[in-house]
Amino acid sequence: MTETLTLPQVIEPTIFELSSPGRTGVTFPEPDVPRSDLPAELLRADLPLPELAEVDVIRHFMHLSHLNYSVDGGFYPLGSCTMKYNPKINEDMARLPGFLFTHPLQPIETVQGSLALMYTLQEWLKEISGMAAVSLQPAAGAHGELTGVLIMRAYHRDRGDHRRTKMLIPDSAHGTNPASSGMVGLQVVQIPSDSRGNVDLNALKAQCDETVVGLMLTNPNTLGLFDEHLEEVIRTVHECGGLVYGDGANLNALVGVMRPGDIGFDILHFNLHKTFSTPHGGGGPGSGPVGVAAHLADYLPSPIVGIIEEGTDDLAPLFGFIHPPRSIGRVKAFHGHFGVLVRAYTYIAMHGAEGLRAVAENAVLNANYLRARLQDTYYIPYNRVCMHEFVAEGRFPGSDVRALDISKRLMDYDFHPPTNYFPLIVHEALMIEPTETESKRTLDAFADAMLRIAEEARTQPELLHEAPHRTPVGRVDEVKAARDLVLCCWFPENQ
Amino acid sequence: MTYIPNTPREQAEMLATIGVSSIEELFQDIPPRYRYPKLNLPPALSEMEAAAELKELAENNENVRDHLISFLGAGAYFHYIPAAVDHILRRGEFYTAYTPYQPEISQGTLQAIFEYQSLMCALTGMEVSNASHYDGATAVAEAVNMAYAVFRGKRTRIVISPSVHPQYRAVVRTYVQGMGLELVGDESEANALQSPFEIESLIDPNTALVIVQYPDFLGRLYDYTSLVQIAHAQGALVCIAANPTALALFKTPGEMGADIVVGEAQPLGIPLSFGGPYLGYFTTRKQYVHKMAGRLVGETVDQRGQRAYVLTLTAREQHIKRERATSNICTNQGLMALAAAVYLSLLGKQGLRQVAELCYHKAHYAAQRLSQIPGFSLAYREPFFHEFAIRLPRPFEEVQHHLLEHDILGGYHLGADYPSLKDHLLIAVTEMNTREEIDYFCEVLQEVSHD
């Protein structure tokens with residue numbers, strides 16, 4: 001039997017395929033110093049990089065950009081990702097020459113502007129969260145979690161409490177929570193949810209003993225629900241000597257409305273790329289500052305920004321780096337994602353207390369509005385007033401249409417799908433987070449599309465199974481990708 | 001101001017649809033005594049006021065483009081970034097997109113990452129690259145994590161050269177706190193100038209990973225082939241943290257036999273930006289791909305027979321495997337990886353080599369001029385790329401003060417991390433430094449040498 005090999009159609013060639021020997025997109029001046037001999041025994045034979053003109057590069061990446069969906073292009077109701085609008089002024093501020101062209105190791109006297117910004121942002125995040133101290137070093141939410149878990153571990157060990165090895169994590173948690181605990185060598189114990197979507201108090205109490213490091217709690221949780229027994233949950237963990245870690249992924253529901261520190265969280269990470277509008281960048285960079293209560297302040301990653309010399313009426317204070325005495329150490333090089341911090345600072349400065357409260361209020365209003373519009377058509381398993389997001393089931397009685405089909409069909413209506421198949425405790429989950437930056441008009445258009453898709457599921461299910469139809473590519477063969485593992489279009493053996 | 005489009009009338013309509021009478025009713029689950037705290041934040045600024053405030057803050061910095069002549073490197077380098085790079089990064093289609101979990105509407109990001117992976121493989125001589133880590137330091141820490149997983153925790157020794165970036169070593173120490181690993185090789189801060197090959201004697205059958213840097217933190221270039229062979233003879237893996245600009249000219253870590261090549265890719269088109277966001281790159285051999293952390297893009301086809309790209313081997317990752325994942329990493333440095341891909345595409349084979357050669361020639365010119373100043377001497381005789389160490393005739397603080405008075409950032413004080421290198425300065429020279437700047441630097445240092 002002979003198999004006919006048909007090569008796949010190429011939408012956009014790779015930069016390697018576009019390369020033409022001898023081209024270059026940039027030229028540099030000739031050296032203005034005498035040339036020195038290169039160490040012959042250390043040189044590489046060839047540098048297999050592509051060769052393109054500037055116009056080739058610009059057109060290539062422009063073509064690629066057209067294949068993307070984005071917040072600038074449309075509605076992105078991706079649950080737990082807080083895909084809010086990214087204000088343009090933030091981008092300009094991060095590119096001010098005074099910020100862009102400063103080296104992280106400059107003497108502190110020459111970077112007082114950057115340090116003042118970081119100090120003020122630390123103070124603002126403390127005020128917003130009710131935590132006593134903040135480090136801006138962690139690079140992303142998961143990195144903040146790792147930092148927080150290391151702080152919890154160090155705190156117990158410092159008190160000579162070496163028995164604590166168990167981290168309690170609700171079944172609705174993001175995967176990063178157990179993964180962060182696993183990296184620190186802790187044993188993860190899953191706590192189930194009760195019928196109203198809260199932490200199951202009895203199950204929690206049964207696990208709370210002298211081996212508990214703490215509880216990692218996302219509140220509101222990934223069902224978009226505020227735990228109705230939050231105070232009791234926190235008290236239960238504290239009573240057995242554990243600490244309570246707050247995953248700040250869903251802080252957009254609470255900002256300006258409630259401070260996690262006030263109700264007893266010991267640690268909280270912030271996702272500046274969610275709550276504070278810094279862009280997701282197609283997968284990063286994020287920024288995951290960590291706030292802690294007073295009894296954990298000495299453990300924060302080092303360094304953080306402090307006042308080295310108090311100011312006077314005429315003289316600004318001198319900002320510098322301070323090293324918390326019992327610090328868990330450094331979690332990344334230099335001082336955090338400074339460019340992201342500038343964007344978050346700009347955002348908070350333009351909101352103030354009332355603006356931030358309006359953010360949470362409208363995020364919650366928008367989510368409940370969508371919930372109200374969809375609840376008669378889509379089954380919502382924990383259907384009560386939600387916070388910034390809610391989870392519906394993407395399946396219908398007597399139909400083989402699944403959440404995946406609904407998600408793909410939404411693309412034909414020019415919407416980004418919701419997060420699907422998460423949280424794991426809901427079958428065929430569709431997790432919908434509209435954020436506050438969407439108008440009623442957009443929400444209505446999305447709800448109309450969802451209702452129409454439900455109708456299509458009944459009348460033309462094949463339309464959904466084969467969706468999307470109007471996107472640059474159709475459903476992709478994920479099995480082939482994992483089996484063939486073509487991860488690179490250049491291989492050393494081609495040399 | 002805020003970015004909320006809904007008007008009070010629309011809000012009222014929405015509340016009616018929900019069936020509640022006020023927004024506050026939606027927050028009933030929050031215990032009343034915690035609800036609506038008074039936040040002590042400054043009053044909200046308009047966009048023009050915010051722009052003025054930020055401009056003032058930025059102008060309170062002295063920057064290396066407009067105010068200071070900089071010879072500061074030590075892990076972050078001032079290079080020229082072609083204008084086209086930022087024009088691509090500012091495309092909303094790229095920077096306001098999420099992680100490409102939905103391949104049908106994310107082919108732009110996916111193909112760009114695939115190309116980034118390919119470019120990093122080409123540069124390092126390795127077979128697979130992931131989609132990025134937070135920075136060079138965390139990429140090294142993830143190499144430890146991977147080696148730990150490769151040996152299923154059965155090998156517990158990590159051997160690390162003292163001439164790996166001090167902050168990278170610090171981050172590795174933080175990451176391994178709960179893993180039960182023993183970190184050896186860099187305790188002897190007394191002898192930082194020792195050859196990195198000295199750590200060979202520490203490699204034993206319990207060693208999971210050996211970590212060296214290329215060029216090392218002091219700027220020295222070594223061919224690590226023999227070290228790799230010794231490590232492999234003990235069954236250990238080798239991680240080389242490499243400067244990507246140097247790889248335009250010098251033998252690749254892949255050729256030396258390294259198992260993991262990581263590093264800080266900030267020099268590839270990413271601004272200094274006071275330390276971040278930067279780009280940790282991570283490459284390895286295909287045989288270890290299942291143990292590698294981070295996202296990975298693979299080529300495949302779609303149902304219409306078109307070539308397409310998709311995130312693959314996701315079963316390694318936290319959202320599937322939870323506590324058994326290879327790492328907790330989720331958000332990475334997507335946009336910075338795009339910057340590196342655009343930068344490398346623009347410069348290409350010729351441009352990147354030209355940059356590396358400019359760095360090399362200017363650094364060697366500077367080293368030669370500086371070592372002629374009475375009292376100043378090069379700290380070592382090994383080959384170097386664009387960074388080198390000199391011994392100062394006077395205390396560092398005094399020299400730094402004098403240089404700053406002349407608006408010069410002289411370099412990094414090695415004594416801060418290596419007590420034995422008190423009054424040693426680590427000097428970086430790139431294509432951004434003109435001959436005039438180097439000559440001026442030498443003149444000003446000359447003044448220090450005669451009192």
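In this predicted model, Ile267(A) stands opposite Val292(A) of strand E7(A). The strands concerned are E6 (residues 267–270) and E7 (residues 290–292) of chain A, which pair in the antiparallel sense over three bridges.

Both strands belong to an open sheet of seven strands in chain A, ordered E1-E7-E6-E5-E4-E2-E3, with mixed pairing. At its edges lie strand E1 (133–135) and strand E3 (187–191) of chain A, each of which pairs on one side only. On average, and with direction ignored, neighbouring strands of the sheet are turned by 25 degrees against each other. Helix H5 (residues 112–129) of chain A packs on this sheet and touches E1, E6 and E7 of chain A. The direction of helix H5 makes about 125 degrees with that of E1(A).

Chain A as a whole contains 15 helices and 12 strands. Its radius of gyration is 26 Å, close to the 23 Å given by the globule rule for 495 residues, so chain A is as compact as a globular protein of that length. The C-alpha atoms of chain A fill a box of roughly 75 × 70 × 45 Å along the principal axes. Buried residues account for 58% of the 495 residues in chain A. Of the contacts in chain A between residues at least 6 apart in sequence, 73% join residues at least 24 apart.

Between the chains, 175 residues of chain A are in contact with 179 residues of chain B. Helix H11 (residues 338–374) of chain A gives the most to the side of chain A that touches chain B, with 21 residues. The composition of that side by class is tabulated below.

| Class, side of chain A touching chain B | Number |
|---|---|
| Nonpolar | 95 residues |
| Polar | 52 residues |

Technical notes
Residues are numbered from 1 along each chain as its sequence is written. Chains are lettered from A and ligands numbered from 1 in the order in which they are written. This is a predicted model: local features need pLDDT of at least 70, side-chain atom pairs count only at pLDDT 80 or more; totals for chains, interfaces and linings use all residues. Two residues are in contact if their C-beta atoms, placed from the backbone, lie within 7 Å. Helices (H or I, at least four residues) and strands (E, at least two) are DSSP runs, numbered from the N terminus. Ala, Val, Leu, Ile, Met, Phe, Trp, Tyr, Cys and Pro count as nonpolar, Asp, Glu, Lys and Arg as charged, and the others, Gly among them, as polar. Two strands pair if DSSP finds at least two bridges between them. Axes are lines fitted to C-alpha atoms, for helices over the stretch in contact, and angles run from 0 to 180 degrees between N-to-C directions. The radius of gyration is taken over C-alpha atoms; the globule rule is 2.2 Å times the number of residues to the power 0.38. A residue is buried if 20 or more other C-beta atoms lie within 10 Å of its own, exposed if 12 or fewer, and partly exposed in between; C-beta atoms are placed from the backbone.
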